[in-house]
Amino acid sequence: MKKEKVFPRLMGYAGKHKILTYLSLVFSAISGVLAIMPFVYIYFIIRDVVQVAPGALMCSHIAAFRIAGNMRIKATEHLTTIPVGEIEEEGSGKLRKIILDSSSATETYLAHQLPDMAQAMLMPIAIIVILFIFDYRLGLVSLIPIILGFLCMFKMVGPKMKKDMAEYQNAMESMNNEGVEYVRGIPIVKTFNQSIYTFKRFKGAIDNYSHFCISYTKRCRGPMIAFEICVNSVFAFLIAMALIMSGVKATDQTFILNLIFYIVFTPIISTTLLRVMYMSENTMIVEDALRRVDSILSIEPLKEADNPLMPKGDEIRFDNVFFKYKNKENYALDGVSFVAKENSITALVGPSGGGKSTIASLINRFYDVEKGSISIGGVDVRNIAKEKLMDEISYVFQDSKLLKTTILENVKMGKKDATLEEVEEALRLAQCDDIIAKLPNGLNTVIGAKGTYLSGGEMQRISLARAILKNSKIIILDEATAFADPENEYLIQKAFQNLSKNKTVIMIAHRLSTIKNADKILVVNDGKIVEEGTHESLIKGNGIYTNMWNDYQISIKWRVKNA
């Protein structure tokens, strides 16, 4: 018996439903073809993205990165030309935020928001046109919540928002700046066992930021809720219109179709209005960012002499100097005059806030005097080339910083072309042999790498090695032993002796034992030189210095008694 195929036999039983079986075969074949179509369209999508990228987002991103980078470079380069005192007054945290965050705001704006702006501006016009094409009555009804939404939006993004945006950025800058200063002051907290609340400015900055954000959010809560209700309630107005129309006359099929279209179409209105709102907000952010960058660029650079002169010697002379800080009413220095002779040690002592650090800052032009003059070797410091002045002076701060690089590179900052032997000799004279000996890679140890850190006193000695290597003729020591432990203080004092040989030294000190042998001691109080002389002569004067010395003698005799 000849074997028959299965399918024809089955079709013999299909009767009137045979056509359905054939249709199932056709539809199954079609579905199989359609199943692979998504992969084909993925190819087309990838192709279009690759082809379009150079013309749109890629171009906008490249331009945005270049502009942001140029802004950072220009602002950073300008910082190198302005007085150091101006930078200190602005605060490093604030400047860092302006340079980095403000330029980043322009980058986002140019790369993403600006290309979207044309779309955001054109879409509302297109929407309004479409609303009136199909049925002007439904279009007019749809405009009512749109207009109400715009009014609510204006309450949030109107002129008041520009002021709020500036206030927000100010609060952020203040908190950032005070945070940096707080971290820098942690050694003082540890030394004197003070709590975080000692830094009232930091806590105040946090409280100010918190208060602004909460109050601003509360102010926007009402308008934002009203805005969302309006732009998302278009369908309700349309349904109300449909009910009114159905009550007036029989609603025809065209009206029903238009109504369905409007209900489906109008939700895009809320998305469009939100985009317009954010576009306005982002434009304000960029305007504020540019204003802040301009605030850095507007700081006057350090004035350079047209015909710079060379100092003839290293004698430092203050001649009736007056100076006050920006936004301060009282003078920090009020008619200060003195002479620090060449190859001598001049010490500045006196109550905190009296003007000692201000005197030191004016010598190397962290600021410029308002009245009077400061000269080195008979030449006004303003008439000495900036590079020459920097070469003439080494400034050792009380909290010297080291970069996160090798000890060798940190020391060579004092003299970039120094040989290895010169660096090693400078470290030896700065009493750093014990530091180098304990480091895993000696001079090539990277500070901060793999848990390698130095104490404050050890960092100070490395900083002194840098100053010794620089070998400047004038040395300014600003409380260089303020936070050193007794062992480090002893070694730092020995390093001072090597650093000060045949140099003109200005030394600021609270520990009077460190300046007892100075050639001249100046007592500074309320911006004036109130006493001047050697240790022996001042002790006999029974003035401020005598009282300071007596208090110091009592303090060093103080001991904790055993219970």
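**Salt bridges, sheet and surface**

A search of the whole structure, which is a predicted model, finds 10 salt bridges.

Me: Which part of the structure does Lys528 tie together with the strand of Asp334, and how many residues apart in sequence are they?
Reply: In the predicted model, Lys528 forms a salt bridge with Asp334, with the closest N and O atoms 3.8 Å apart. Asp334 belongs to strand 2 (residues 333-340), whereas Lys528 lies in strand 10, so the pair ties together parts whose separation in sequence is 194 residues.

Me: Is Glu392 buried or exposed?
Reply: Glu392 meets Lys388 in a salt bridge of 3.2 Å, N to O, and both residues lie in helix 14 (residues 386-392), 4 residues apart, or about one turn of the helix. Lys388 has a relative accessibility of 23% and therefore counts as partly exposed. For Glu392 the relative accessible area is 4%, and because the limit for this class is under 20%, Glu392 is buried.

Me: What is the distance between the closest N and O atoms of Glu315 and Arg317?
Reply: Glu315 counts as partly exposed at 29% relative accessibility, and Arg317 is partly exposed as well, with a relative accessible area of 38%. The two residues form a salt bridge, in which the closest N and O atoms are separated by 3.4 Å.

Me: Which strands are the edge strands of the open sheet?
Reply: The open sheet is formed by 6 strands with mixed pairing, in the order 6-7-8-3-9-10. An edge strand pairs on one side only, and this holds for strand 6 (393-396) and strand 10 (528-533).

Me: Which residue in strand 10 does Val524 stand opposite?
Reply: Strand 9 (residues 520-525) and strand 10 run antiparallel and are joined by 5 bridges. Within this pairing of strands, the residue of strand 10 that stands opposite Val524 is Ile529.

Me: What angle does the direction of helix 18 make with that of strand 6?
Reply: Helix 18 (residues 456-470) packs on the sheet, where it touches strand 6 and strand 7 (474-478). Between the direction of helix 18 and that of strand 6 the angle is about 175°.

Me: What is the area of the nonpolar surface patch that includes Leu23?
Reply: Leu23 has its place in helix 2 (residues 18-52) and counts as partly exposed because its relative accessibility is 36%. The patch is made by Leu23 together with Ile19, Leu20, Tyr22, Leu25, Val26, Phe27, Ile30 and Leu34, and its area is about 860 Å².

Note on methods. Residues are numbered from 1 along each chain as its sequence is written. This is a predicted model: local features need pLDDT of at least 70, side-chain atom pairs count only at pLDDT 80 or more; totals for chains, interfaces and linings use all residues. Side-chain values use heavy atoms; hydrogens and water are left out. Two strands pair if DSSP finds at least two bridges between them. Helices (H or I, at least four residues) and strands (E, at least two) are DSSP runs, numbered from the N terminus. Contact means heavy atoms within 4.5 Å. Axes are lines fitted to C-alpha atoms, for helices over the stretch in contact, and angles run from 0 to 180 degrees between N-to-C directions. Patches are made of residues with over 30% relative accessible area and no salt bridge: like charges are joined within 9 Å, nonpolar side chains (Val, Leu, Ile, Met, Phe, Trp, Tyr) within 5 Å. Accessible areas come from the Shrake-Rupley method with a 1.4 Å probe; for residues, only the protein chains shown count as cover. A salt bridge is a side-chain nitrogen of Lys or Arg within 4 Å of a carboxyl oxygen of Asp or Glu. Buried means under 20% relative accessible area, exposed over 50%, partly exposed in between (1.4 Å probe, protein chains only).
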